[in-house]
Amino acid sequence: MSLLEARNVGKRYGPVVALESASLSVDAGEVHALLGANGAGKSTLVKILTGVIQRDGGTVELRGEPVRVSSPSRAARIGLAPVFQDPALVPDLTVAQNIRLTAVDVDAVRQRLREMDVDVDFTEQAGDVPLPLLRMIDLARAMARDPQLLLLDEITAALPSDLAERVFAVMEDWRRRGRSVLFITHRLAEVIAMCDRATVLRDGRDVGTLVPREIGERQIVEYMLGPEAATAEAHAAEVDETPLKGAAAAEAAATTLEVTDLRVGSLAGVSFSLRAGEILGVAALEGQGQNDLFAVLAGDRRAEGGEMSVTGKSLRPRHPYDAIRSGLVLVPADRLLALLPQRSVRENIAAPRYNRLGRWGPINPREERRRVASAIEALQIDTRAQRQVRRLSGGNQQKVTIARWLASGFQTLLCFDPTRGIDVGTKRQIYALLRRLADDGAAILFFSSELSEFPLVCDRVLTLFGGRITGELAGEGADEASLLRAMHGLVEEVAS
Amino acid sequence: MSTAAAGVAARVRPNPARLARRHGWTVGVYVLLLVLLLYWQTIPANWGSFDVQSLAIDALPLAFAAMAQSVVIISGGIDLSVGSLISLINVLSAKYMIDMSFRNALLFGLLLLVGSAAAGAFTGTLIVLSRVPDIVVTLAMLFVWAGLALEILQIPGGGAPQSYLQLGTGHWWSPWIPSGLMILLLAFAIFWLPLRWARPGLALYSVGSNRNAAYLSGVGVARTRIFAYALGGLFAGLAGLALSATSGIGDPNAGQYYTLNSVAAAVLGGVALVGGVGGLIGPIAAAFVVTLVKTILILKGVDQNWAQVIQGTLIIVVVMIGGLAIRQRART
Amino acid sequence: MSAGTPQVATPAARLRAAQRVLSDNPAIALTFVFVALFVVTDIVNRAQSGKAFLTPTQVSTTFLYAAPLALLAAGQTLVMLTGGVDLSVATTATTAAFVSSGTAHDHGTGYALLLALAFGFGIGLVNGIGVAIFRVNPLIMTLGISSVTLGALTIYSQTRFVALVPNIVNTLGSSRFFKYVPYDLLVWAPIAALIILGLRFSGFGRMIFAVGDNPVACRLAGVRVWQVLLLVYALCGAFSAVAGILLVGFNDAADLGIAAPFLLPSVAAVVIGGTSILGGSGGYGGTILGALILTVLDSLLTILNASQALKQILYGAIILALAWLYARTSSGD
């Protein structure tokens with residue numbers, strides 16, 4: 001008998017349909033995946049099931065009994081415990097206070113964390129605890145309530161693989177005890193490895209429930225995108241070779257970024273060079289210094305030691321402005337860091353053009369429109385909701401963050417996990433775009449938390465461990481196994 | 001990205017540093033207060049219990065106003081209407097208490113406190129229902145309460161029974177223990193301490209710190225925010241009553257002073273304007289600091305208006321240094 | 001949220017459509033409110049005194065009265081677009097009033113006006129330094145500066161005797177040409193045009209919106225946020241000074257309370273005009289209408305013999321009601 005049965009659940013915000021009509025059935029003792037492209041309605045469904053928002057239509061039954069989940073605390077009481085991508089911990093309270101706030105036994109949480117072999121100081125303020133650990137605490141807190149159903153919303157996104165392993169162990173354990181897990185992820189490998197069944201959502205409807213192990217990645221993607229879209233996307237990625245007029249990269253084919261013995265924060269002396277026309281990958285577990293590396297290159301943080309130079313000219317950025325002047329531009333993982341949510345697509349894309357006093361005068365509208373239009377075209381941005389960027393889907397928002405740099409010109413693109421939380425179709429477009437930019441002479445530094453992306457995207461991959469470079473692999477050879485070994489510092493240093 | 005990195009760095013920091021970071025500001029304010037107190041008692045020729053009394057009288061309404069503002073700021077809001085609510089309670093009490101017996105005056109004061117808390121709850125409810133930013137709603141309420149105060153009493157006047165005035169200006173046991181100070185401590189002990197570490201208090205902080213996380217943790221966000229404004233209203237009511245007890249009259253414009261100074265005392269007392277950080281102990285001390293600065297200046301023979309200029313400048317400079325300190329911390 | 005009765009389907013849809021129009025084009029709705037308010041005032045005035053209010057003279061007077069408020073609200077608009085608020089605009093205007101009337105006799109009118117503007121710009125710059133460089137909360141910084149300035153002005157006004165307002169200033173602030181055109185329009189209109197066009201078609205205008213919308217994103221896009229804020233606050237001070245000069249021209253003498261009654265209306269005008277108090281969206285066009293609406297409303301209340309107290313309460317209610325309406329329309333989609 002099914003534990004949770006949701007039928008034709010829908011949610012709309014004014015004219016915007018977040019979830020058309022979705023059904024979902026989770027059995028007792030199964031790990032069930034919820035799949036779908038961005039905007040398919042996965043998060044909306046989970047929020048409805050856990051009382052964060054209220055459904056407009058449909059029914060939800062728990063063990064055959066209709067239930068009304070009116071709030072998160074009500075959900076917890078009837079045995080539905082969610083863990084969201086953004087941990088539900090209050091930053092200014094200590095970990096212990098956070099747990100008391102939810103009326104969960106502190107010792108039970110401590111016990112769970114010990115079982116997962118995660119070490120946490122409970123007197124620490126939650127805001128000072130690194131994100132991956134916060135997620136583990138959130139998970140332990142959810143489990144301490146001993147729920148019938150754990151709902152894990154993209155919990156493994158940007159989680160280092162060692163912690164992700166522990167999450168999988170928890171899921172396994174939960175299944176053994178006859179409890180259930182609803183698991184949302186963009187990583188299909190995890191789905192195939194972990195999940196008994198999967199329900200796929202597309203455009204706010206459920207389009208099928210399948211057994212992932214049997215049907216394989218390729219077909220799951222087809223389900224997610226719809227048969228026509230899937231081929232169309234693949235086609236677009238292969239065929240679209242329009243040259244990028246916007247990129248200033250072409251003129252600077254010989255550009256090189258040279259980094260020597262760079263030290264900052266947890267980065268303990270890193271040297272590498274990046275050639276024009278090359279995509280260089282950086283693979284690392286969480287917290288190995290990659291944040292600092294990108295922050296320094298983008299001018300968001302000052303280096304504590306070492307040298308950087310661009311085309312032979314020494315660079316010591318004190319502000320992102322200095323880095324941008326030298327052609328180094330950043331595409332951050334968190335789109336909220338890069339976008340002006342209330343402004344239009346056009347203003348967002350044009351924004352970096354006006355970042356210096358000399359450009360504060362009158363705008364040249366024709367020039368602006370031309371550059372913005374060519375960037376939009378290059379990225380195939382869906383501009384139907386262009387009046388305010390916050391109304392765009394996540395994938396389109398990420399495209400806007402890249403389009404800004406196409407419109408203003410750059411030499412080196414620093415992509416920090418640019419595909420985080422983005423659907424498969426858009427991911428492919430972004431891979432293709434990065435390749436085209438490189439072919440046009442741009443240099444690209446690429447970090448991703450998804451190892452499978454490296455062979456698809458990169459010419460070379462560096463692995464970072466403990467703030468040092470521990471390996472260098474050729475792009476094609478950068479399969480997950482060899483990357484993982486190098487990322488854990490298991491390979492002797494390769495000459496770099 | 002840099003915040004994540006800062007988080008990692010903070011984790012390995014030893015405990016004393018963390019304690020200093022959490023409580024350093026409050027301790028600093030008390031040290032500042034102590035220094036000012038020590039300096040202050042050297043100025044008048046025969047400094048004595050009378051000076052202590054008058055300091056308590058001057059600082060009492062501001063201390064309550066700072067508490068009112070702090071509670072609201074901690075919950076993630078800001079209350080620009082604190083000052084005019086103080087005026088309203090002030091004129092109401094002064095207008096009607098004047099011919100009352102002590103007992104009736106006290107009962108009426110209690111009634112006003114309930115009304116003031118209700119007024120705060122009303123503001124909070126408006127904010128929650130309308131989803132308009134706190135600053136706009138409380139700005140609007142500033143007009144409303146000030147208008148009502150003006151309607152009730154056009155010009156300063158009214159009064160209170162002598163025995164009631166004693167509450168603000170008298171002393172308990174010894175002339176060195178001003179009754180106002182004791183009432184302040186009592187109010188703190190009754191209305192705040194039981195909350196601070198209990199679930200309602202945690203809820204208050206959680207709502208100010210991260211509203212979404214608080215909601216997901218099962219906190220009644222709307223309820224908590226309204227509660228914060230109600231508690232703020234209660235403290236504002238106490239400030240209004242304290243103002244009548246210490247000044248002896250009602251003045252529809254008296255509250256203006258408290259709009260800025262309550263915020264200043266809260267910030268100086270370690271309450272971060274982003275919410276979720278701080279307590280009431282710091283702001284109480286800060287209210288005394290702010291008052292003492294002016295007292296010292298006037299004792300030193302500085303003109304009243306110059307004292308205002310210097311006091312304002314000092315507040316700005318202190319807050320600027322605070323801002324700089326936060327920047328430095330963010331950078332390292 | 002609103003407990004609607006069952007049969008409201010069509011009116012509700014119509015209301016939603018109306019709200020959409022309002023949220024997309026607040027200027028249309030605001031113009032309508034302005035005209036409607038004028039008509040109401042006219043009706044009330046006829047009923048009360050038998051005289052019309054909807055006359056060219058009264059329209060002209062409304063614009064004459066609205067100019068200082070609209071100029072205070074101009075700076076306020078820019079500041080609020082960046083997500084701040086400036087509560088020192090009234091004392092800055094008062095400073096300019098004192099400076100322009102106090103120095104004109106000894107140093108000439110031109111010098112006095114420039115000095116007044118410089119004072120405004122300077123006070124704004126100090127605000128900007130606090131907010132932009134030291135990261136002080138704008139509310140505190142500007143309230144603090146306001147209290148400091150007021151103290152200084154009190155001292156100044158006690159040591160100086162009332163000075164004469166130069167004729168030009170007097171004319172600018174209170175007279176009209178062609179019978180109906182207030183001279184202060186000559187000051188207000190160019191500034192308004194500059195702000196409206198500048199916000200739309202200049203890089204600086206774009207940066208004002210951007211900084212208000214997401215300062216972190218601005219930094220990562222290479223914008224030195226402090227530069228934008230510094231200039232915005234300084235400009236706000238300068239516009240406030242212009243308002244102060246018009247006010248002293250109108251009142252014919254500077255006094256400490258000359259601009260104080262305009263402080264909260266300056267915020268109200270911006271809010272009515274549809275600029276988000278959190279920054280990032282809005283504009284000056286709405287603010288102008290907001291200032292005009294508030295001015296007519298003031299006339300209406302005066303005709304109705306409303307007490308100062310009642311006026312204040314009404315202002316409060318209006319700010320609240322409109323902010324509520326805007327919040328509803330923007331969350332509707």
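# Close-up views of a predicted three-chain model**Figure 1. The side chains of C:R219 and A:D300 form a salt bridge, with N and O 2.8 Å apart.** A salt bridge is defined here as a side-chain nitrogen of Lys or Arg within 4 Å of a carboxyl oxygen of Asp or Glu. Two such bridges are found across the interface of chain A and chain C. The model is predicted, so local features require pLDDT of at least 70 and side-chain atom pairs count only at pLDDT 80 or more, whereas totals for chains, interfaces and linings use all residues. Residues are numbered from 1 along each chain as its sequence is written, chains are lettered from A and ligands numbered from 1 in the order in which they are written, and side-chain values use heavy atoms, without hydrogens and water.

**Figure 2. Chain A contributes 37 residues and chain C 29 residues to their contact.** Contact means heavy atoms within 4.5 Å. The buried area is about 2700 Å², with 56% given by carbon and sulfur atoms; this is the accessible area (1.4 Å probe) that two parts lose on being put together, summed over both. Between the two chains, 14 residue pairs are in polar contact, both residues being at pLDDT 80 or more. A polar contact is a pair of N or O atoms within 3.5 Å; within protein, one must be able to donate a hydrogen and the other to accept it, and residues adjacent in sequence count only if both atoms are side-chain atoms. On the side of chain A that touches chain C, the elements giving two or more residues are helix 11 (320-325), helix 12 (345-350) and helix 14 (394-408) of chain A. Helices (H or I, at least four residues) are DSSP runs, numbered from the N terminus.

**Figure 3. Domain 1 (2-225) and domain 2 (246-356 + 363-487) are assigned in chain A.** Domain bounds come from an automatic or database domain assignment. The centres of the two domains of chain A, taken over C-alpha atoms, are separated by 31 Å. Twelve residues of domain 1 are in contact with 14 residues of domain 2. Together, the domains bury about 1200 Å², 61% of it on carbon and sulfur atoms. Zero salt bridges are counted between them. Helix 8 (residues 212-225) of chain A supplies three residues, the largest share of the side of domain 1 that touches domain 2.

**Figure 4. A:D138 and A:R141 meet through their side chains in a salt bridge (3.3 Å, N to O).** The two residues are separated by about one helical turn because they are three residues apart in helix 5 (residues 131-144) of chain A. A:D138 is buried at 4% relative accessibility, and A:R141 is buried at 5%. Buried means under 20% relative accessible area, exposed over 50%, and partly exposed in between (1.4 Å probe, protein chains only).

**Figure 5. A:R275 and A:E278 form a salt bridge whose closest N and O atoms are 3.3 Å apart.** A:R275 is partly exposed, with a relative accessible area of 46%, whereas A:E278 is buried at 5%.

**Figure 6. B:S206 lies in helix 10 (residues 199-209) of chain B.** At 0% relative accessibility, B:S206 is buried. Not counting residues up to four places away in sequence, B:S206 touches A:V90, A:L93, A:L101, B:R211, B:A214 and B:V219.
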